[in-house]
Amino acid sequence: MKADEWGIFSGMEKPLLIAGPCSAESERQLFETAKALKQEGVTVLRAGIWKPRTRPNCFEGVGAKGLAWMQRVQQELGMKVATEVANEKHVHEALRAGIDILWIGARTTANPFAVQEITDALKGTDVPVLVKNPVNPDFDLWMGALERLNMAGVKKIGAVHRGFSSYTEIKYRNMPQWQIPIELKRRFKEMLLLCDPSHIAGKREYLREISQQAMDLGFDGLMIESHISPETALSDAAQQLTPVALKELLKGLVIRNVESENSAYRESIEELRNRIDQLDDELVSILADRMKIAEKIGHYKKQNSITILQTERWEEILKNVFEKGEKCGLDNEFLQKIFRAIHQASIDVQTRIMN
């Protein structure tokens, strides 16, 4: 279902926006943040009522009493409100309070039992539900959660990309791995797709660049954390913006068109795309020839009792590829990803032959 059919984002220009504090900490904090956001044009407020945290003794949300604060925002400011639910009890309490949008968080998406419990509680309702990607880059888990909601009869379903955990030190809090939400959009073209730059970034100074990349990739909108006083926030203080700073971020975004009516552009882009199609055809043929050679090598290795993996040979291939790639202006990381996949495919072919 398209976003304009939700009844939540009516009249809102791209990017569609959901903004608000990571957590509802007090009635005053929530209401003052909501009021400031409304002054900056925000119409949909997000706030965590229940906060699943990695470790105990952290602020884990105010609980159900915060729902009354959300209701006050609805009644006095006329804003829509959204919150996270992690189990059946949360769903029932949020529905009784008339919360406009629910979302399933990354940790919950990773647990099919919890997702099923939530979808069972949502049967027969018309509330919109957003699903954040799981903590780890598991496409099937994300898609599975969306499918469970669809099977339960939930019609207004959207996805939120919030990045993936990394065990290595990286620039951001979470790895964007944009190819995963891109694949989701390819399979579900009409589904609402939002980006949560706050959780990808982890720091407010990176929010603009992530938000712009999401817009350049055709995301429908953003879910951004905004707090009236970020430095005093009880959770995720470093990644939250003031409402004024949020407005400045949005003003700086460049929103591009999906297509153009300019005939010169259309002719030029079509010519370049045709050339890419030709090159892709050549690439597929080359890869097919390479796999045939890998098969022959597999048979020779089997006949001579030679191991599949030849570490020195693999290092030699990478060295040659990097040297040639440098001359052609190609990035080593890009080449390594491609040739790792090719190498793994060759190993798979030879493993089948061996067995």
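Q: In which sense do strand 4 and strand 5 pair, and over how many bridges?
A: In this predicted model, local features need pLDDT of at least 70 and side-chain atom pairs count only at pLDDT 80 or more, while totals for chains, interfaces and linings use all residues. Residues are numbered from 1 along each chain as its sequence is written, and side-chain values use heavy atoms, leaving out hydrogens and water. Strands (E, at least two residues) and helices (H or I, at least four) are DSSP runs numbered from the N terminus, and two strands pair if DSSP finds at least two bridges between them. Strand 4 (residues 101–104) and strand 5 (residues 129–132) pair in the parallel sense, over three bridges.

Q: Which residue of strand 5 stands opposite Trp-103?
A: Trp-103 points the same way from strand 4 as Ile-101, whereas Leu-102 and Ile-104 point the other way. All of these residues are buried, where buried means under 20% relative accessible area, exposed over 50% and partly exposed in between (1.4 Å probe, protein chains only). The residue of strand 5 that stands opposite Trp-103 is Leu-130.

Q: Which residue stands opposite Trp-103 of strand 4 where strand 3 joins strand 4?
A: Strand 3 runs parallel to strand 4, and three bridges join them. Strand 3 (residues 80–84) is mostly covered, with four of its five residues buried. The residue opposite Trp-103 is Glu-84.

Q: Which residue of strand 3 is the bridge partner of Arg-46?
A: Strand 2 (residues 44–46) and strand 3 run parallel and are joined by three bridges. The partner of Arg-46 in strand 3 is Ala-82.

Q: What is the hand of the β-α-β unit made by strand 3, helix 3 and strand 4?
A: A crossover is right-handed if, with the strands pointing away from the viewer, the path from the first strand over the helix to the second runs clockwise. Helix 3 covers residues 88–96, and the unit that strand 3, helix 3 and strand 4 make is right-handed.

Q: Why does Arg-173 count as partly exposed?
A: Arg-173 is found in the loop between strand 6 (157–161) and helix 7 (179–187). Not counting residues up to four places away in sequence, Arg-173 touches His-199, Ile-200, Ala-201, Gly-202, Asp-236 and Gln-239, a contact being heavy atoms within 4.5 Å. Arg-173 counts as partly exposed because its relative accessibility is 39%.

Q: What separates the C-alpha atoms of Gly-218 and Ile-353?
A: Gly-218 lies in the loop between helix 9 (207–216) and strand 8 (221–225). Gly-218 is partly exposed, with a relative accessible area of 31%. Gly-218 and Ile-353 are 135 residues apart along the chain, and their C-alpha atoms are separated by 43 Å.

Q: What percentage of the residues in the chain is buried?
A: The chain has 13 helices and eight strands, and its C-alpha atoms fill a box of roughly 75 × 50 × 40 Å, taken along the principal axes. Of the contacts with a separation of 6 or more, 71% are between residues 24 or more positions apart. Among the 355 residues in the chain, the buried share is 43%.
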